[in-house]
Amino acid sequence: MRQTLREEETRGLVEALGSECAFVKTVHIRNPSPSHLFSSGILENIRQELEASGCELFVVDGDLTPIQQRNLERYLSCKVIDRTGLILEIFGLRARTKAGRLQVETARLAYERSRLVRTWTHLERQRGGRGFIAGPGETQIESDRRMIDGALLRLKKQLSEVERTRNVQRSDRKSRDLPVIALVGYTNAGKSTLFNTLSSANVFAKDMPFATLDPTIRAIELDSNHKAALVDTVGFITDLPTSLIESFKGTLEEAVEADIILHVHDASSPDVYQQSEDVIEILDSLEKMVGTALPPIIDVWNKIDRLDEAERDSLEARGEDPLTGRERVFISATTGTGLEELKSSIKTIIYRHAQNYVIRFDTNSGDVRSWLYRNAEVFDIEDDADTMQTTATARLDTRAFGQLNSKFPNVVISKA
């Protein structure tokens, strides 16, 4: 089943590039060739199949060394790219914001730096008159490497500025007492559709890998008294290259810095558990990279509208997620089924440290009354005309309690 998933995913990646996929073929390599990766027999079969299909691009769903990539292009007489190169091409098409373009360009230059030997092969054999003097090929390669290093340094400085801006934005969201909810999941799990449904936004959502790349943030209403900031992040895939995780660390940190993560699964996919394992693996890598523990996670099983009644009953009867042991929430982002249950689960976790308080303030303090209705769950409120005092019973979480104390120092607060 893993092989089928990988083949379908590879086809999807090629099509996401805007190319027509002629064929996908799995070959077993016992002893990888240092020069071509494939054995001569397999290589000849590939060449014949490429010629018969009229292909101009050959994608290897794995890592190629610069030498292997160069030799394959010579033998096959077509453009050859590996998995990292393919994903970088897609990222280049999808990036829209300044941060996204900077991250893609940083990853691309780091990738190209190790492959300069391909570009200047025609000069490598040229040597100077003395053995200790480098030939023009080596000179050109070193010159290009210095240029790339300089460009990478400039890009990293610009990314640092972008990251500072992100940190300011995060601080602003915290100061406004907005809990942050991050959507993560395998690409095509329906994250962007769920994002649009919850936030009434119009983020591009399509059944293709990496339909959205740049993180998008919108405010959503959990109920009449509670709001949150919802973040849509880039989708994950099998064996997402480590270099790309590092380049997009700033984007993916939106998930680690959130108050809660919604791990969106495609309930209709036969490979849903394998996809879930891949997402968990990437989250674990990100946790180690950033050095910050992950926030609480809710497993959201999306697209249940694509299941028949028997499949839904069977899935829901299993209860906890077999991989994580967490309770699952079953929804359809398209039809809206289960969204109220999802919001309830979100509030249960976000406000798990909330307590009931009795709050007393002057009846003419309309700003306190208004603030309570916006930021707390008010159970009861009474005005005493004789004392001109108002007594409210409300549920406050830790942040709301601190904000009420600092914003309205004359308010008297006691535990209910």
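Modeller: Helices (H or I, at least four residues) and strands (E, at least two) are DSSP runs, numbered from the N terminus, and by that count the chain has 16 helices and 12 strands. This is a predicted model, in which local features need pLDDT of at least 70 and side-chain atom pairs count only at pLDDT 80 or more, while totals for chains, interfaces and linings use all residues. Residues are numbered from 1 along each chain as its sequence is written, and side-chain values use heavy atoms, with hydrogens and water left out.

Let us begin with the whole chain. It contains 416 residues, of which 48% are buried, that is, under 20% relative accessible area, whereas exposed means over 50% and partly exposed lies in between (1.4 Å probe, protein chains only). The accessible surface comes to about 21100 Å², and 48% of it belongs to carbon and sulfur atoms; such areas come from the Shrake-Rupley method with a 1.4 Å probe, and for residues only the protein chains shown count as cover. Of the contacts between residues at least 6 apart in sequence, 69% join residues at least 24 apart, where contact means heavy atoms within 4.5 Å.

The buried residues of helix 3 are P66, Q68, Q69, R70, N71, L72, E73 and L76. Just after helix 3 comes S77, which takes a positive phi of about 55 degrees.

One partner of helix 3 is helix 2 (residues 40-53): their axes come within 10 Å and cross at roughly 55 degrees. Axes are lines fitted to C-alpha atoms, for helices over the stretch in contact, and angles run from 0 to 180 degrees between N-to-C directions. This angle makes helix 2 oblique to helix 3, since angles under 35 degrees count as roughly parallel, over 145 as roughly antiparallel, 65 to 115 as roughly perpendicular and the rest as oblique. On the helix 2 side the contact is made by L43, E44, I46, R47 and L50, and on the helix 3 side by L72, Y75 and L76. By class, this contact of helix 2 with helix 3 has 6 nonpolar, no polar and 2 charged residues.

Now set beside this the pair formed by helix 4 (residues 83-94) and helix 5 (residues 98-113), whose axes come within 10 Å and cross at roughly 155 degrees. That angle makes helix 4 roughly antiparallel to helix 5, and their crossing is left-handed. Here T84, G85, L88, F91 and G92 of helix 4 meet V104, A107, R108 and Y111 of helix 5.

Finally, consider a residue elsewhere in the chain. W371 lies in helix 15 (residues 366-375) and counts as buried because its relative accessibility is 2%. Leaving aside neighbours within four places in sequence, W371 is in contact with A376, L396, A400, Q403, L404, K407 and F408. W371 and A400 are 29 residues apart along the chain, and 9.9 Å separates their C-alpha atoms.

Notes. A crossing is left-handed if the near helix is turned anticlockwise from the far one by less than a right angle, and right-handed if clockwise. Ala, Val, Leu, Ile, Met, Phe, Trp, Tyr, Cys and Pro count as nonpolar, Asp, Glu, Lys and Arg as charged, and the others, Gly among them, as polar.
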